[in-house]
Amino acid sequence: MNKYLQLFRTGNAIMGIVGVSVASFMVAGTDILTHWPNLLLSAVIVFTFIAGGNSLNDYIDADIDRTAHPERPVPSGRLSRKQAKDVGMFMLGLSVMVSLFTFDVACVLIVLIAVVLMVSYEMFLKQRGFVGNVTIAVMTGMLFLLGGAVVGNVQGNVIVALMAMFVSIGREISKDIEDKDSDEGDRFTLPMKIGDRNAAIIASLCYIVGPALSIPPIIWNSYSFLYYTVVLADVVFLYCAFIVFSDPHKAQRAAKKAMMLGLLAFILGVIPV
């Protein structure tokens with residue numbers, strides 16, 4: 001059983017469950033427990049989706065993993081590539097099947113689209129640089145849409161989903177600039193196509209547009225005053241927009257911390273005060 005848990009990257013799957021639960025809380029607030037059946041279903045959906053995606057990844061990257069991750073089930077010989085592929089497709093299909101039990105059209109569509117994107121990414125978009133960056137970012141944003149959908153308010157998380165999407169694109173481009181030399185021959189990334197500086201400009205714009213989307217909820221008075229702590233995240237993102245030109249590694253690491261600060265602000269904003 002341990003080989004399957006390792007194949008699934010169980011730690012990542014658990015973090016995904018935490019993420020969708022937080023996304024649901026951001027919409028439902030203290031009424032979240034009234035939606036407990038769908039919350040349980042969302043946990044299963046996210047677990048099976050992430051497990052399926054990681055299994056498919058091990059099938060695709062089997063040759064690379066012989067050097068990079070020899071301890072994983074496929075390169076170590078504990079599972080065959082075919083088993084990893086079959087398990088991956090089964091788990092992704094299972095995530096769609098479980099979504100049907102939410103009896104929510106938006107939820108089913110979100111999961112179905114996410115599965116199509118995941119398969120497309122692993123099969124051929126990952127090597128195509130920017131398109132792959134956007135695909136990962138869209139799937140990141142869709143986690144928040146799913147969290148809203150399972151509590152009956154998918155619209156409530158549109159802003160945060162868009163924020164997550166833009167800053168994720170910024171992070172992915174930053175990582176591609178950092179890994180440009182090591183990616184040579186395996187991927188055709190945005191920095192390879194248009195140069196490091198031009199790629200950094202696009203990443204910088206994403207680090208600016210994402211935080212800018214945090215302003216409308218303040219204007220609309222959508223959350224309590226505790227939400228104003230989002231300014232801390234915005235400041236860090238603006239720092240990322242500046243530093244990405246000279247140190248993309250520092251930019252992508254700082255952006256990850258800023259994303260956590262931003263999530264915290266949204267959580268605080270729905271707590272009654």
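Author: Here is a walk through the salt bridges and the residues around them.

A bit of housekeeping: this is a predicted model, so I can say that local features need pLDDT of at least 70 and side-chain atom pairs count only at pLDDT 80 or more, while totals for chains, interfaces and linings use all residues. Residues are numbered from 1 along each chain as its sequence is written, and side-chain values use heavy atoms, with hydrogens and water left out.

Let's start with the network: Arg9, Asp58, Asp65 and Arg72 are linked by salt bridges, where a salt bridge is a side-chain nitrogen of Lys or Arg within 4 Å of a carboxyl oxygen of Asp or Glu. Within that group, the side chains of Asp65 and Arg72 pair up at 3.5 Å, N to O. Asp65 has 3% relative accessibility and counts as buried; the labels are buried under 20% relative accessible area, exposed over 50%, and partly exposed in between, with a 1.4 Å probe and protein chains only. Arg72 is buried too, at 15%.

Setting aside neighbours within four places in sequence, Asn57 is in contact with Arg9, Arg72, Glu122 and Lys126, contact meaning heavy atoms within 4.5 Å. With 13% relative accessibility, Asn57 counts as buried.

Now for two salt bridges inside helices. Arg66 and Asp63 meet at 2.3 Å, N to O. They are three residues apart in helix α4 (residues 62–68), so about one helical turn separates them. Arg66 is partly exposed at 49%.

Asp86 and Lys82 form another salt bridge, with their closest N and O atoms 2.7 Å apart. Here the spacing is four residues in helix α5 (residues 81–99), so again the separation is about one helical turn. Asp86 is partly exposed at 37%, whereas Lys82 is exposed at 55%.

For the overall tally, the model has nine salt bridges.
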